[in-house]
Amino acid sequence: MTETNIKPTADKLGILISGLCAVHCALFPILLSISVVLPDWAHIGHGWFWFTVIAALAVWSIAHGWKQHHDGRVLIYSSAGLGFLILAIVTEPWTSVWLESALYVVGGCLMVAAHWRNYRRCGCVKHEHTASCEH
């Protein structure tokens with residue numbers, strides 16, 4: 001896989017992982033409420049795992065994209081997304097599982113948006129600029 005193929009693949013992987021995080025966190029309160037086997041404490045610590053994976057992938061793929069397109073919205077979306085994820089992790093002991101999940105979902109969706117925009121902008125750099133390039 002060449003360097004040019006890795007960057008779009010990293011954004012596609014970022015979209016997948018961030019999307020899975022958002023879906024997981026949206027469904028988790030429902031699973032907790034209907035499960036008699038899974039206690040409330042079973043999800044403690046999973047936030048740092050998701051955050052580490054998502055942040056590492058985001059920094060790598062978005063930094064490479066920034067070198068090509070300098071799109072500030074990608075940085076805004078990814079910074080806000082990571083901020084929501086950190087907020088969810090840090091406030092976990094004091095918030096309800098519903099609020100925590102909402103923060104994770106918003107953060108995951110913002111990361112999906114950042115990777116999607118980065119992916120589209122990196123693709124735009126490689127071809128002739130058209131109206132769909134948004135610049």
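Which backbone oxygen does the side chain of Ser 18 reach? The side chain of Ser 18 reaches the backbone oxygen of Gly 14, at 2.9 Å. This is a polar contact, that is, a pair of N or O atoms within 3.5 Å; within protein, one must be able to donate a hydrogen and the other to accept it, and residues adjacent in sequence count only if both atoms are side-chain atoms. The model is predicted: local features need pLDDT of at least 70, side-chain atom pairs count only at pLDDT 80 or more, and totals for chains, interfaces and linings use all residues. Residues are numbered from 1 along each chain as its sequence is written, and side-chain values use heavy atoms, with hydrogens and water left out.

Ser 18 lies in helix 1. Helices here are DSSP runs (H or I, at least four residues), numbered from the N terminus. With a relative accessible area of 1%, Ser 18 is buried. Buried means under 20% relative accessible area (1.4 Å probe, protein chains only). Leaving aside residues up to four places away in sequence, Ser 18 touches Ile 54, Gly 108, Met 111, Val 112 and His 115. Contact means heavy atoms within 4.5 Å.

Ile 54 and Met 111 are among the residues with the most contacts inside the largest nonpolar core. Such a core is a set of buried Ala, Val, Leu, Ile, Met, Phe, Trp, Tyr and Cys residues joined through side-chain atoms within 4.5 Å. Two or more residues come from each of helix 1 (3-34), helix 2 (46-69), helix 3 (72-90) and helix 4 (97-126). Helix 2 gives the largest share, 7 residues.

Helix 3 has 19 residues, which should span 27 Å at 1.5 Å a residue; its end C-alpha atoms are 27 Å apart, which agrees. The expected span is 1.5 Å times one less than the number of residues. Val 74, Ser 78, Gly 81, Leu 82, Leu 85, Ala 88 and Ile 89 are buried in helix 3. They lie on the same side of helix 3, because they cover an arc of only 120° around the axis. The arc is that of the directions from the helix axis to the C-beta atoms.

Asp 71 lies in the loop between helix 2 and helix 3. At the start of helix 3, a side-chain oxygen of Asp 71 comes to within 3.0 Å of the backbone nitrogen of Arg 73. Asp 71 counts as buried, at 7% relative accessibility. A polar contact of 2.6 Å joins its side chain to that of Arg 117.

Definitions and conventions
Buried means under 20% relative accessible area, exposed over 50%, partly exposed in between (1.4 Å probe, protein chains only).
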